[in-house]
Amino acid sequence: MNLSDSTGKDWLNRHVKEALAEDLEQYGDITSLALIPEGVNGSAELIAKQDGTIAGIEWAAHCGQLVDPPVSWDFSVNDGDQVQKGQIVANVEGPLAGIL
């Protein structure tokens, strides 16, 4: 079962929007706006900093859809999977400002 199955898509959408609004406030990410020219794309790897259990994949993917500009996630694990320190968990691609 994933997050939206247990909480509903409306709940997920509302809470992700609230979290992004709190983080970006009224001006957006001012560091990205100041330092990254529009239209610059990039990619990043999400690497486990320690051994653990993965949680929050659907949340991260939904955040990627809602940031402006949107980014796409490619996860190599699933919620509940055990990971080892240094393991690549996901790749994210898209506009650099959206990734940051």
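**Strand pairing**

Analyst: Strand β1 (residues 41-47) pairs with strand β5 (residues 88-95) in the antiparallel sense, over seven bridges. Two strands pair if DSSP finds at least two bridges between them. Helices (H or I, at least four residues) and strands (E, at least two) are DSSP runs numbered from the N terminus. This is a predicted model, in which local features need pLDDT of at least 70 and side-chain atom pairs count only at pLDDT 80 or more, while totals for chains, interfaces and linings use all residues. Residues are numbered from 1 along each chain as its sequence is written, and side-chain values use heavy atoms, leaving out hydrogens and water.

User: Which residue in β5 is the bridge partner of E45?

Analyst: The partner of E45 is N91. Strand β5 also pairs with β3 (residues 72-75), in the antiparallel sense over four bridges; there, S72 stands opposite E93.

User: How are side chains arranged along a regular strand?

Analyst: They alternate between the two faces of the sheet.

User: Is H62 buried or exposed?

Analyst: Buried means under 20% relative accessible area, exposed over 50%, and partly exposed in between (1.4 Å probe, protein chains only). H62, in helix α4 (residues 57-66), has a relative accessible area of 15% and is therefore buried.

User: Which residues does H62 touch?

Analyst: Contact means heavy atoms within 4.5 Å. Not counting residues up to four places away in sequence, H62 touches L12, N13 and V16.

User: Where does L33 lie, and is L33 buried or exposed?

Analyst: L33 belongs to helix α3 (residues 30-35), and L33 counts as exposed because its relative accessibility is 59%. Its C-alpha atom is separated by 7.5 Å from that of A97, 64 residues apart along the chain.
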